[in-house]
Amino acid sequence: MRKIIEYTLISADGVFADPAGLGFMKFRDDAYLRDGLGLLTSCDAMVMGRNFYNSGVQSWPNRPEHPWSDQLNRMRKYVYSTTLTDPEWTNTTVEAGSAVPAIRQLKQHEGGDLIIWGHTQLAETLMRED
């Protein structure tokens, strides 16, 4: 069975606000880039809610060629939303129903793990339900 991996950047004092502002980018080092990309490439798909999708679609598709943006744009993405209907980000599927049973089913499929970036409302819901 596939696993869901939550990848969250958090400060030592517990702050994980404003990921879309990308303020954390100035603190990246070679280990962060290597390990984060390794995790990202080991996953087959990303699962997310509409809020994370909205920030991601504004950032990643337009970035210059780079291993991180290349992987994010190439990989399958599943968005759980009742309001998003026409995704612009390549390889994105929108699921309008309840995320919990849909992701349970997705975990049963063959393939690599699934990733959630950030401790989002979706991640919290999945932790409560599973």
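In the predicted model, Asn91 is partly exposed, with a relative accessibility of 29%. Asn91 belongs to the loop that joins β3 and β4. Although Asn91 is not a glycine, its phi is positive, at about 65°.

The loop between β3 (76–80) and β4 (92–95) also holds Ser81. In contrast to the partly exposed Asn91, Ser81 counts as buried, at 6% relative accessibility. A polar atom of the Ser81 side chain lies 3.1 Å from the backbone nitrogen of Thr83. The backbone nitrogen of Leu84 is likewise placed 3.0 Å from a polar atom of the Ser81 side chain. Beyond its neighbours within four places in sequence, Ser81 is in contact with Arg50, Val94, Glu95 and Ala96.

Aromatic rings were examined next. A search of the whole structure gives 5 aromatic pairs. In one of them, Phe52 and Trp117 are arranged edge-to-face, with 6.4 Å centre to centre and 80° between the planes. Because Phe52 is part of helix α2 (residues 50–59) and Trp117 is part of strand β5 (residues 113–117), this pair ties together parts that are 65 residues apart in sequence. Both partners are buried under the 20% limit: Phe52 has a relative accessibility of 18%, and Trp117 has a relative accessible area of 12%. Ring pairs also link Phe52 and Trp117 with Tyr7, Trp60 and Trp68 into a cluster.

Two rings have a charged group over them. Trp60, a member of the aromatic cluster, has Arg63 over its face, at 4.5 Å from the ring centre. Over the ring of Trp89 sits the charged end of Lys77, 4.9 Å from the ring centre.

Nonpolar side chains tend to be buried together in soluble globular proteins. In this model, the largest nonpolar core has 19 residues, and those with the most contacts inside it are Leu40, Met46, Trp68, Leu72 and Trp117. Two or more residues of this core come from each of α1, β2, α2, α3 and β5. Leu40, which is in the 19-residue core, is in contact with Met46, Trp68, Gln71, Leu72, Met75 and Trp117 when its neighbours within four places in sequence are left aside.

In α3 (residues 67–74), the buried residues are Trp68, Ser69, Gln71, Leu72 and Asn73. The elements that cover them include β1 (4–7), α1 (30–42), β2 (43–49), β3 and β5.

In helix α4 (residues 99–108), Ala99, Val100, Ile103, Leu106 and Lys107 are buried. Seen down the helix axis, the buried residues of α4 fall within an arc of 125°, and they therefore line one face of the helix. Gln105 and Gln108, on the other side of α4, are exposed. The buried residues of α4 pack against β1, β2, β3, β5 and α5 (121–129).

Terms used. Residues are numbered from 1 along each chain as its sequence is written. This is a predicted model: local features need pLDDT of at least 70, side-chain atom pairs count only at pLDDT 80 or more; totals for chains, interfaces and linings use all residues. Side-chain values use heavy atoms; hydrogens and water are left out. Rings of Phe, Tyr and Trp (its six-membered ring) pair if their centres lie within 6.5 Å; planes under 30 degrees apart count as stacked, over 60 as edge-to-face and the rest as tilted. Helices (H or I, at least four residues) and strands (E, at least two) are DSSP runs, numbered from the N terminus. Buried means under 20% relative accessible area, exposed over 50%, partly exposed in between (1.4 Å probe, protein chains only). A charge sits over a ring if NZ of Lys or CZ of Arg is within 6 Å of the ring centre and within 35 degrees of the ring normal. A polar contact is a pair of N or O atoms within 3.5 Å; within protein, one must be able to donate a hydrogen and the other to accept it, and residues adjacent in sequence count only if both atoms are side-chain atoms. Contact means heavy atoms within 4.5 Å. A nonpolar core is a set of buried Ala, Val, Leu, Ile, Met, Phe, Trp, Tyr and Cys residues joined through side-chain atoms within 4.5 Å. The arc is that of the directions from the helix axis to the C-beta atoms.
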